[in-house]
Amino acid sequence: MTVGHTNWTRVVFGLCLAFLAAYQLFKLPPVLPVLLETFRYDRVMAGGFMSVYAIAGLGLSVLLARTLERHGAARPVLSALVLMVAGNILVLIWPGHGLLVLGARALEGAAFAVLAIAGPTLANTGASQRHLPLVIGLTATWIPVGQLSASLIASLIVPTSAAFEAWRTLWIVAVALSILMGFWTVRLHRSGRVDLGPGLPTGATPAAIRPLSRRARIDLLLAATIFMFWSSQYFAYMTWLPQYLVEVHGLPVAWALAGYMLPVAVLMLFNVITGGLLRAGVPLGPLMAAALALQAAVWGLHPALGGGWVGLALLVVYGVGAGITPTCLFALPSAIAGPGRAATAFGVLMTGRNIGVLIGPVLLAQAFKLAGSWEVSAPIFGSLTGLAVAIGLLLALRLPRS
């Protein structure tokens, strides 16, 4: 949908959907040390609590994108919010049953698959060409906003609550936010202030949408592959970082949460900075490849440099690269497929992301289980990020210069 002016209500609504989706996913890592101690979950299963979010997305992302493109967002979004509420309530009632928690997180994951496409698509298609780079930068903050929100709540409740009860506030907030977003969705749909109908170019019909060219399909597959490798290392890193800081560096949970939030805060800042750089005309492909190379370097240096101030600096550098990369990735659907096919392009991109989310947290948990050390993470995820760099360079050569 190409618009002559920015519908800021649509943009904000789409961003809020995405923020909520990220909060639901990332409410787990900040309290994972508490949950592991309280309920004695197997580590691989605990990694699965994050990875299971990706399963629904793998099967549904492209189908959901086409549904949103042709039939609109209102019903899928409301259905997703109902699933979110159901999944959270199941965990609140039976937190000690690992398999049931896994199933409940799968329900949340199905809802996440909808919101992760609907939110960015609504936000980006509500922006004019003038504001699109800014909105892309804001869209890329959806993951860190969700992470920081969950981490800030956890940092307030974990030191002051009984361990058994500390995590529950995060789930209760998740239920409340889902219900509020449901009411807002209904109100906007009925008032007509935000068009939640098909995200098509004005006057177009589904039959009139041009198919993607062969070159565009190849470029989207390359972008999805980059997102797969990047997401694998990022979600592994962000799932287990609090536990790593507790076990390896002996930090109390509250301090571990502060260390966890540092790269996320830097990441969010560079999401917005990158949006400004893209608006100023900085080439998308080379910028993304450079950011990926920065993160690969962090993985390579980590075993040799350890903790202390150097380790703190590495967290900051990692946050810089992790802020630039997803902003560039979220700019790729419009750059490759054009705004009229944004939803379909997002669907392909999110499929790659979902594969990475599925693999990363469980892979790191299993590797730790076999090796008995966190150091095994560096060669595994350094290699995956290196592959992302190589594919990013190839894609940079294929993208239009203007």
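Arg-168 is buried, with a relative accessible area of 17%. Buried here means under 20% relative accessible area, exposed means over 50%, and partly exposed lies in between (1.4 Å probe, protein chains only). Arg-168 belongs to helix α10, which covers residues 168–191. A polar atom of the Arg-168 side chain lies 3.0 Å from the backbone oxygen of Leu-92. A polar contact is a pair of N or O atoms within 3.5 Å; within protein, one must be able to donate a hydrogen and the other to accept it, and residues adjacent in sequence count only if both atoms are side-chain atoms. With neighbours within four places in sequence left aside, Arg-168 is in contact with Leu-92 and Pro-95. Contact means heavy atoms within 4.5 Å.

The model is predicted: local features need pLDDT of at least 70, side-chain atom pairs count only at pLDDT 80 or more, and totals for chains, interfaces and linings use all residues. Residues are numbered from 1 along each chain as its sequence is written, and side-chain values use heavy atoms, with hydrogens and water left out.

Pro-95 also features in the surroundings of Tyr-41. The side chain of Tyr-41 reaches the backbone oxygen of Pro-95 at 2.3 Å. Tyr-41 lies in the loop between α2 (32–39) and α3 (43–51). Its relative accessibility is 10%, so Tyr-41 counts as buried. Beyond residues up to four places away in sequence, Tyr-41 touches Leu-35, Leu-36, Phe-49, Pro-95, Gly-96, Gly-98 and Val-101. Tyr-41 and His-97 are 56 residues apart in sequence, yet their C-alpha atoms are 8.9 Å apart in space.

Arg-40 is placed in the loop between α2 and α3 as well. Arg-40 counts as exposed because its relative accessibility is 65%. Most residues other than glycine have a negative phi. Arg-40 is not a glycine, but has a positive phi of about 55 degrees.

The chain has 16 helices and zero strands. Both are DSSP runs, numbered from the N terminus: helices are H or I with at least four residues, strands are E with at least two. Of the 402 residues in the chain, 58% are buried. Among contacts with a separation of 6 or more, 86% join residues 24 or more positions apart.

Helix α1 spans residues 8–26 and has 19 residues. From first C-alpha to last it reaches 26 Å, close to the expected 27 Å. The expected span is 1.5 Å times one less than the number of residues. In α1, 14 of the 19 residues are buried. At its start, a side-chain oxygen of Asn-7 comes within 3.2 Å of the backbone nitrogen of Thr-9.

The structure holds 17 aromatic pairs. Trp-167 and Trp-171 form one that is edge-to-face, at 5.2 Å centre to centre and 85 degrees between the planes. Rings of Phe, Tyr and Trp (its six-membered ring) pair if their centres lie within 6.5 Å; planes under 30 degrees apart count as stacked, over 60 as edge-to-face and the rest as tilted. Both Trp-167 and Trp-171 are buried. The charged end of Lys-27 sits over the ring of Trp-171, 5.0 Å from its centre. This assignment requires NZ of Lys or CZ of Arg within 6 Å of the ring centre and within 35 degrees of the ring normal. Ring pairs also link a cluster that includes Phe-26, Tyr-53, Phe-112 and Trp-142.
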